[in-house]
Each structure stands twice: as structure tokens, then as C-alpha cells.
Amino acid sequence: TYQPKNLLVTGGAGFIGTNFVHYWLQTYPDTHLIVLDALTYAGRYSNLASLEGQTNFRFVKGDILDQALVETLLRDGKIETIVHFAAESHVDRSIYGPDAFLRTNIDGTHSLLKAAKKVWLDENPGFEHRFHHVSTDEVYGTLSATDPAFTETTPYAPNSPYAASKAASDHIVRAYQHTYGLNTTTSNCSNNYGPYQYPEKLIPLAISNLLQGKPVPIYGDGQQIRDWLYVDDHNRGIDLIIRTGRVGETYNIGGNNEQTNLSLIHTLCALLDERFPESPQVPHQQFITYVTDRPGHDRRYAIDNRKICHELGYYPAETFQSGLAKTLDWYLNHPHFWQADEIQLFGSHATAKEQA
Ligand code: NAD
């Protein structure tokens, strides 16, 4: 197995990155970790503030497109492992403004690859290293109700500008492995949920609206199907891939947990009913407001995770019930996270919030 010692984590102040950084430093306290994050609307330094002062942690505010900065961090931090989360990640935003997605997700990933190639391959031939690229199942496009789930060999068919930008980045990572021999791995994961998720995404949006007595906006008929994975289960999968995965391979990570958006909201309402038995139990439909469907909205995603399970012994530890309960309790205990003034919602979510 490969044992990372000095890591550069891009996008470590965002949702999954924050959870990864906390998970990693708790699991491997003898390693050193630098977070590089531009602190866009989606990133918050306060997510990591509790680590300030730890000698194995450093935060750098900066853009992954700044190749010179990345090279300096790699050299000065003696970094041999990059875990690349930084991205523009919200599909709705990509529909109305794709430029930032192409810039960060495609050019930004390429900038990191160029820096890694220069410092690891050109300046230090033989230097042991890993570049792990975090990607999404959305690169595979959409499924009908009866299609088999996505495997690692499903052809790419991205439908949104977000998915297309991630698909492009996956291909560039692959090319750097095949052409230059950079030691890369890639994971394509399904929808994540858990602590620190920006309240523009479905689950934290639903939780914060429900806690404020506001309706939850649901796209179209609410019958879109997603596979949901608790964020720590994603990060445990990334950890396994970095340490024990095969270089040049891609691994799908998923929870075997397909839910329609509508059933997800009902599960959440039922959990809230349990948490607040004294409040009047209102039919859950009253908490839902249907909004015009997202253009080109993918109908169903499903992940076949047998490769990572069989090869690397992966399994998702949380059930949807246990993961959702943990998530709800985290939001209940951290109201400042979702009530913060700087929260900017987008499109019909913002409209639904204003109308509520
Ligand atoms: P997020 O939007 O919560 O966080 C992204 C982080 O990247 C933010 O902290 C932001 O400040 C930072 N960032 C953006 N542009 C940057 C730039 N140019 N330079 C440096 N930092 C920059 O996203 P997330 O949900 O945590 O997703 C993380 C990664 O996982 C992304 O690559 C995403 O495509 C992938 N992914 C997400 C999901 C999901 O369900 N959220 C599922 C599968 C894969």
C-alpha cells in the first residue's frame, strides 16, 4: 500500500473537502496537510478554523489556476499526494453561467496537472507520488428506470455544463497518466450529503427550509432518482483508492441507495416529526412546492460500485436513515452554518425561498 505523508487538498474549504480534511487528520494525525482553496461563495474558512494552530495543518487561500503557487506549495511542502476536490459544483449555476465551470473544472485541473508533472516528473524523476481526482457520476449522463447502473466502462455522455466540465477534467487526468506517466487515480461518486453542505443543494436546502417552516422547492414531478451517499463514506472510499487503488484506474463510489427526490423529502419530514413530537404533525405534502423543472434534467443516476467493493474491500457504512439522521442533527446543532447572512441561493431555489 501507498502511505501519503504530505498532502495538498484543493477545495478543502468546500463541502466534501472540509469533511475529508477533518476525517483525514483524525485518521492520520502523523501526516501533514495543506488546503488550497480560493474561498468562492461555496468555500468557508470557518469550516476549518478548529484546526488552526495544529502543526500538521496549513490553509492557503489561492486559485488552482495559479500554477506557480501550486508548484511552490508542492516544493516547499514536500507534497507527494494531491487530492483534488476544487470545482464549481452546482448544476443550476452551470446552466446559467458555464464560464466559471470550464475555467475552474477544466483549466484549473489542467493547471494542477502541469504543476504536478513539472515538480514530480520533470524536476524529481522517480519521486513517488499520487494525484487523486474527485469526480462525479454525472459524467455518464442519464438512465431510464430499467437501465443497468453506471459502471466504470459506461460511455461518457454528460448533459449539463457542470457534467461536461467534469467529464473533460477526467479525460485530461487520464491523458496525463497515459502520456506522461503521472500516477493518477479518479473516483466518480454519486450525490453526497452530510455536514457542511452549502444550503443550495437539495438536502441542506430542504432541512433549512423545513426548520424555518418554509416549503421545499421540488423540480418537475419530483420523480428524479439519485443515489445518495453519506459524505464520510465517500471520503473513506477516496482514502482506500489513494492507499490501495491501482494507478491509472477509475473507481465508482456509490451507496446502493436510489431515492426519488420526493421520497427523500418524505423521509426527512418523518425524521423531523420524530425530533419534534410536540409540534403539530402536518401532512408532508404541505411542505413541498413544485417548481419548473431544470432544463435537460437527468432522470436517474445509479452507481454500480462492485469494482471498489471487490477490489478494495469498500462498503458504505451508513444507511440512508442513519446518515440522514446524523445530517439533520448536525444542521440542528449548527444553525449559524445555514442561517449565515452570506448564503446566496440561486434560481428557482432563491425564488421559492423569497416567496416562502
Ligand atoms: P463545493 O462547491 O462545496 O466546494 C468546492 C470548493 O472548491 C469550495 O471550497 C471552493 O471555494 C473551491 N474552489 C472553487 N473554485 C476554486 C478555484 N479555482 N481554486 C481553488 N479553489 C476553488 O463542492 P463539493 O460538493 O464539496 O464537491 C467537491 C468535489 O467533489 C467536486 O470536484 C465535485 O465535482 C465532486 N463531487 C461532488 C458530489 C456532491 O454530491 N457534492 C458528488 C460527486 C463528486
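Reader: How do the residues of the shell around the ligand divide by class?

Author: The model is predicted. Its ligand shell divides into 14 nonpolar, 13 polar and four charged residues.

Reader: Which residues come nearest to the ligand?

Author: Gly 11, Gly 14, Ala 42, Gly 43 and Ala 87 come nearest, of the 31 residues around the ligand. A residue belongs there if its C-beta atom, placed from the backbone, lies within 6 Å.

Reader: Which helices and strands each supply at least two residues of that shell?

Author: Helix 1 (15-27) and helix 4 (99-122) do, and so do strand 5 (130-136) and strand 7 (191-193).

Reader: Why are helix 6 and helix 10 called oblique to each other?

Author: Take the angle. Helix 6 (residues 202-211) packs on helix 10 (residues 320-333) at about 55°, with the axes 11 Å apart. Roughly parallel needs an angle under 35 degrees, and roughly perpendicular runs from 65 to 115. The pair is therefore oblique. The crossing of helix 6 and helix 10 is right-handed.

Reader: What makes the contact of helix 6 with helix 10?

Author: Helix 6 brings Ile 203, Pro 204, Ile 207 and Ser 208, while helix 10 brings Thr 327, Leu 328 and Tyr 331. By class, five residues of this contact are nonpolar, two are polar and none is charged.

Reader: How do you know that the span of helix 5 agrees with its 20 residues?

Author: At 1.5 Å a residue, helix 5 (residues 161-180) should span 28 Å. Its end C-alpha atoms are 28 Å apart, so the two agree. Just after helix 5, Gly 181 has a positive phi of about 80°.

Key
Residues are numbered from 1 along each chain as its sequence is written. This is a predicted model: local features need pLDDT of at least 70, side-chain atom pairs count only at pLDDT 80 or more; totals for chains, interfaces and linings use all residues. Axes are lines fitted to C-alpha atoms, for helices over the stretch in contact, and angles run from 0 to 180 degrees between N-to-C directions. Helices (H or I, at least four residues) and strands (E, at least two) are DSSP runs, numbered from the N terminus. Angles under 35 degrees count as roughly parallel, over 145 as roughly antiparallel, 65 to 115 as roughly perpendicular and the rest as oblique. A crossing is left-handed if the near helix is turned anticlockwise from the far one by less than a right angle, and right-handed if clockwise. Two residues are in contact if their C-beta atoms, placed from the backbone, lie within 7 Å. Ala, Val, Leu, Ile, Met, Phe, Trp, Tyr, Cys and Pro count as nonpolar, Asp, Glu, Lys and Arg as charged, and the others, Gly among them, as polar. The expected span of a helix is 1.5 Å times one less than its number of residues.
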